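Please look over the structure shown here before reading on.

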Amino acid sequence: MFAFILSRLLQALPVMLVVALIAFAMFAYVGDPVSIMLGQDFTEAQRDALVRDLGLDQPFFVQFARFVGNAVQGEFGLSYRLSRPVAELIAERAPATLELASCAAAIALFVGVPMGVFTGLYRRSWLSRFFLTFSLIGVSLPTFLIGILLILIFSVWLGWLPSFGRGEVVQIGAWSTGFLTGAGLKALVLPSITLGLFQLTLIMRLVRAEMLEVLRTDYIKFARARGLADRTVNFGHALKNTLVPVITIAGLQFGSIIAFAIVTETVFQWPGMGLLFIQSVGAADIPVMAAYLMLIALVFVAINLVVDLLYFAVDPRLRADRGAVRGT
Amino acid sequence: MAAAAARFFDSDLWWSFSRSPVAVLSAVVALLCIGGAVLAPWIAPQDPFDLATLNLSDAFKPPAWAEEGDAGFPLGSDDQGRDVLSAIMHGARVSLLVGVCAVLFSTLLGVSVGLTAGYLGGTADALLMRIADIQLTFPSILVALLVDGVVRAALPRETHDQIALFVVIFAIGISNWPQFARTVRGSTLVERNKEYVLAARVIGLSRLRIMLTHVLPNVLGPVLVIATLNLGFAILAEATLSFLGVGVPPTQPSLGTLIRIGNDFLMSGEWWITIFPGVALVAMVLSVNLLGDWLRDALNPRLR
């Protein structure tokens with residue numbers, strides 16, 4: 001187990017280094033930080049001093065090592081656009097994105113899995129057909145259109161829910177949360193549905209396909225022959241065995257939830273990291289883009305690691321046979 | 001020509017097509033969208049780029065069937081008195097152009113990489129496929145956004161505005177090549193050890209020649225299916241980028257740009273400015289995707 005975690009961490013290292021190299025190349029070769037920081041009036045001596053202070057006269061690898069060293073400590077310099085430390089900006093925006101993403105993931109899992117189980121068990125019921133048609137729509141509508149439609153129906157026509165912002169937030173230390181106020185909770189509804197809908201339909205279809213597969217196997221027939229209750233067979237035997245692929249996909253999809261949070265945050269003017277990033281792309285604000293890139297890479301690597309570890313919890317075969325892990 | 005047509009209507013593919021109502025319906029919708037987009041300059045009711053024909057008193061007209069609708073503006077008009085239908089047709093043209101070019105670009109890149117990696121093997125293979133793996137870890141929309149952002153930062157503003165269309169095509173194309181590379185590599189690995197390749201090597205043809213004239217034609221089959229399915233993705237990616245305001249320039253609005261502009265008027269109740277371009281986008285993408293699904297099943301001998 002420990003050796004496995006270690007080998008996974010060693011595999012993740014080159015990925016992070018490649019991403020760091022890209023981020024560093026953006027810093028080093030895109031735009032000219034010296035002229036941006038100096039402004040209009042400067043002497044040649046001032047310029048040389050700044051170049052030396054920033055370490056830009058050092059060889060490439062020294063600069064890169066320094067960049068990685070700073071990045072490990074969460075130090076990415078100042079935003080060109082807002083003239084504030086990038087780490088501070090991201091820390092300020094992170095709670096909004098994380099709350100939105102976890103609500104979306106919760107919706108996708110807690111609605112998607114039961115719907116998938118239902119459509120797998122009762123294939124011919126009209127409700128299953130309705131769910132499947134609904135999922136086809138969910139897959140083909142782009143995220144931003146879902147958001148716009150929800151705003152049109154629930155904010156403009158019905159006036160039930162707010163169409164932008166986080167509502168009221170409560171500050172707990174460095175974390176601002178919308179979970180504790182009514183307005184904050186109401187503001188979460190539409191964005192989380194928008195963000196979670198695609199994942200919901202994906203998980204539902206996956207669980208359904210896996211259930212259909214598992215229900216045909218011999219051990220399910222045997223379990224029924226033993227006279228076990230339907231509920232035990234369906235949930236204890238069948239559902240449990242569908243979980244390995246579901247965990248993989250759900251884990252990897254959490255990454256794309258964070259990516260698509262950019263779109264959802266733009267539609268709902270949600271003050272999270274995605275909105276910060278898109279504003280930075282528009283303004284060519286390299287430090288923020290580089291930091292966001294590194295952060296996302298870290299999240300993805302971490303998710304992959306957690307997914308691998310969850311296999312151990314769900315699939316006893318892996319604990320017995322270490323060799324099979326390398327094949328995954 | 002007639003013989004070729006007769007052969008086509010006699011083929012398995014046509015038989016399977018005419019037996020599938022979904023495929024026929026999506027083909028009709030796709031042809032309508034593509035036809036409307038390509039012929040937009042000639043058949044659109046109004047030229048949305050000609051400021052002389054715009055009249056501010058025509059602004060915010062609801063669709064023709066509403067109470068205050070105007071038959072001259074079948075789907076209503078926007079804030080500048082532009083006919084929404086004409087704007088959609090011209091916008092679909094840009095969306096389609098970017099989508100097709102981006103798919104061609106990623107096909108070209110992916111097929112070259114896959115062919116090289118599969119045929120040469122060894123270090124080249126390991127390196128190229130590792131890059132593909134790393135890129136596949138990240139959602140492609142994120143890759144496209146980053147590429148677009150970096151190019152934007154690297155170029156001066158005026159230069160960027162001029163070549164923005166190419167930047168978007170490049171960004172979407174580069175975000176999607178690994179899929180092609182993986183598929184082509186897989187089939188190249190199979191083809192490489194077949195006897196005809198061995199024969200070609202024995203008579204002393206160069207590696208490049210064998211790869212291009214012998215292996216390539218035999219690995220292109222699955223590429224067609226992936227390319228069709230990717231067209232839908234590319235059109236959506238372009239719409240998403242443009243919706244986020246980092247895609248095509250506002251002087252050449254695509255469907256995504258139209259949706260973004262219309263979004264500003266949503267709260268005041270002028271829903272048609274944003275919803276109709278959205279409907280057009282979904283119709284186009286859905287029909288292309290369903291056609292791609294059908295093609296995949298029709299070309300798969302195991303499902304026949």
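## A bent helix

In this predicted model, H10(A) bends by about 40° at Val244(A), and a proline, Pro245(A), follows within four residues. After H10(A) comes Gln269(A), a residue whose phi is positive, near 45°.

## Annotated transmembrane regions

The unreviewed UniProt entry carries the annotation "transmembrane region" for residues 12-30, 98-118, 130-160, 172-198, 243-270 and 290-314 of chain A. Among these, residues 243-270 of chain A are 89% helix and 0% strand in the model, with end C-alpha atoms 33 Å apart. Another of the annotated stretches, residues 130-160 of chain A, is 84% helix and 0% strand, and its end C-alpha atoms lie 26 Å apart.

## Two domains in chain A

Chain A is divided into domain 1, which covers residues 2-72, and domain 2, which covers residues 87-319, and the C-alpha centres of these two domains of chain A lie 35 Å apart. Where the domains meet, 12 residues of domain 1 of chain A are in contact with 10 residues of domain 2 of chain A. On the domain 1 side of this contact, helix H1 of chain A (residues 2-29) gives the most, with 9 residues, and the residues of that side divide into 10 nonpolar, 1 polar and 1 charged.

## The contact with chain B

Between the chains, 29 residues of chain A are in contact with 33 residues of chain B. The elements of chain A that give two or more residues to the side touching chain B are H1, helix H7 (143-157), H10, helix H11 (273-283) and helix H12 (286-314). Of the elements on this side of chain A, H7(A) gives the most, with 6 residues. By class, the side of chain A that touches chain B has 22 nonpolar and 7 polar residues, with no charged residues.

## Confidence

The model scores ipTM 0.76 and pTM 0.80. Chain B averages a pLDDT of 81, and 89% of the residues of chain B score at least 70. Where pLDDT is low, the predicted coordinates should not be read in detail.

Methods
Residues numbered from 1 in each chain as written. Chains lettered and ligands numbered in written order. Predicted model: local features only at pLDDT ≥ 70, side-chain atom pairs only at ≥ 80, totals over all residues. Bend = angle between axes of the 7 residues up to and from the residue. UniProt positions renumbered as here; feature names shortened; annotations may be inferred. pLDDT = per-residue confidence, 0-100. Domains from an automatic or database assignment. Contact = placed C-beta atoms within 7 Å. Nonpolar A, V, L, I, M, F, W, Y, C, P; charged D, E, K, R; others polar.
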